[in-house]
Amino acid sequence: MEVVRTISDVRQRVSAARREGKRVGFVPTMGYLHEGHLSLVDLCRERAEYCVVSIFVNPTQFGPGEDYERYPRDPERDRRLLEERGVDLVFAPEVGEMYPEEPLVRFRIEKLADHLCGPRRTGHFPGVLLVVAKLFHIVQPDVAVFGQKDFQQLLIIRRMVRDLNFPVEIVAGPTVREPDGLAMSSRNAYLSPEERARATVLYRSLQRAKALIEGGERSARSVIGAMRAMIEGTPGVHIDYIEIVDLEELRPVERLEGRVAIALAVYVGPARLIDNLVLEIRGDDVREIPAL
Ligand code: AMP
């Protein structure tokens with residue numbers, strides 16, 4: 001495994017792999033890796049002979065007052081984990097390599113950023129698309145793997161690829177969880193032991209929602225109300241949003257029927273955590289399905 005810091009080094013290594021007839025896979029990350037990231041690496045290696053991982057805490061996707069400066073970093077540990085997992089190339093650029101000057105061209109997203117995290121973190125998804133588009137042009141992967149944990153991001157990236165004809169296949173990996181259900185996240189590092197215990201309320205509220213729907217509840221408002229009550233009953237946490245949306249345009253639904261995503265963002269102490277569950281509801285039949 002090689003770790004490179006410049007765009008020209010990435011291009012050179014990837015071209016060499018391609019000349020050997022290898023399919024190129026790519027997993028973008030912000031580092032401080034956990035088993036969720038590594039599960040995406042496994043998917044990448046199943047689909048491509050040459051696997052590239054980027055580690056870059058992208059400043060353009062953080063808003064003012066968000067956690068860009070204190071975002072956790074551990075490059076040595078990341079490197080070891082990726083090497084163990086059979087990654088071929090790590091791209092870990094400095095900010096100046098990715099943004100040598102202020103970018104004057106920006107993304108604007110229609111509809112898909114109107115709900116969920118979009119209005120609460122304006123600038124976030126445009127910043128994500130900017131860096132992902134740049135990374136796709138740098139790495140030129142055949143396949144790129146993203147986590148369903150960041151469900152809205154996944155759907156927005158898939159749409160960018162379709163709208164702009166990027167020649168890359170987008171693959172989604174399921175959310176990897178701790179044994180008690182908490183979705184793995186680099187931001188879990190912000191939690192004190194007490195907050196860590198409380199943070200399970202996100203997953204528990206999603207399971208409660210699923211149980212209600214399995215029991216025949218079809219009103220989104222009722223399900224959200226039950227989740228809200230459960231979370232508000234937990235000290236030290238506060239809800240940013242809980243929404244149930246369709247999978248096409250991510251618009252809130254009233255009646256629970258067809259394919260829907262239940263998504264929430266909750267502050268637990270200093271950490272803003274997100275989670276989601278995607279369900280297909282057909283008559284009495286309720287099942288969890290992948291987002292893509
Ligand atoms: P991040 O480093 O948080 O930007 O995440 C990099 C990639 O890992 C994104 O595609 C995330 O959706 C994915 N990811 C983050 N957490 C998880 C998880 N618990 N399970 C699966 N994928 C994840």
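V266 stands opposite L273 in β9. Strand β8 (residues 258-268) and strand β9 (residues 271-282) are joined by 11 bridges in the antiparallel sense; strands and helices are DSSP runs numbered from the N terminus (E, at least two residues, for strands; H or I, at least four, for helices), and two strands pair if DSSP finds at least two bridges between them. The model is predicted, so that local features require pLDDT of at least 70 and side-chain atom pairs count only at pLDDT 80 or more, whereas totals for chains, interfaces and linings use all residues. Residues are numbered from 1 along each chain as its sequence is written, and side-chain values use heavy atoms, with hydrogens and water left out.

Both β8 and β9 belong to an open sheet of four strands, ordered β7-β8-β9-β10 with antiparallel pairing. Its edges are formed by β7 (237-246) and β10 (285-288), each of which pairs on one side only. Neighbouring strands in this sheet are turned by 25° against each other on average, direction ignored; axes are lines fitted to C-alpha atoms, for helices over the stretch in contact, and angles run from 0 to 180 degrees between N-to-C directions. Helix α9 (residues 201-214) lies across β8, β9 and β10 and runs at about 15° to β9, where contact means heavy atoms within 4.5 Å. Helix α10 (residues 220-232) lies across β7 and β8, at about 160° to β7.

A further open sheet consists of six strands with parallel pairing, in the order β1-β4-β3-β2-β5-β6. Because β1 (2-4) and β6 (169-173) each have a single partner strand, one side of each is left without a neighbour in the sheet. Here, too, neighbouring strands are turned by 25° against each other on average, direction ignored. Within this sheet, β2 and β5 pair in the parallel sense over two bridges, and G25 stands opposite V143 in β5. Helix α1 (residues 7-19) lies across β1, β2, β3 (50-55) and β4 (89-91), running at about 155° to β4. Helix α7 (residues 151-163) lies across β5 and β6, with an angle of about 170° to β6.

The ligand is surrounded by 17 residues, of which H37, G147, D150, V176 and M184 are the closest; a residue is near the ligand if one of its heavy atoms lies within 4 Å of it. At least two residues of this shell are supplied by each of β2 (24-29), α2 (35-47) and β5 (143-147), and α2 provides the largest share, three residues. By class, the shell contains eight nonpolar, seven polar and two charged residues; Ala, Val, Leu, Ile, Met, Phe, Trp, Tyr, Cys and Pro count as nonpolar, Asp, Glu, Lys and Arg as charged, and the others, Gly among them, as polar.

A backbone N or O atom of M30 lies 2.9 Å from an oxygen atom of the ligand. A polar backbone atom of G147 is likewise 2.9 Å from a ligand oxygen atom, and a polar backbone atom of V176 is 2.9 Å from a ligand nitrogen atom. Taken alone, the ligand exposes 480 Å², of which the protein buries 93%; accessible areas come from the Shrake-Rupley method with a 1.4 Å probe.

Key:
A polar contact is a pair of N or O atoms within 3.5 Å; within protein, one must be able to donate a hydrogen and the other to accept it, and residues adjacent in sequence count only if both atoms are side-chain atoms.
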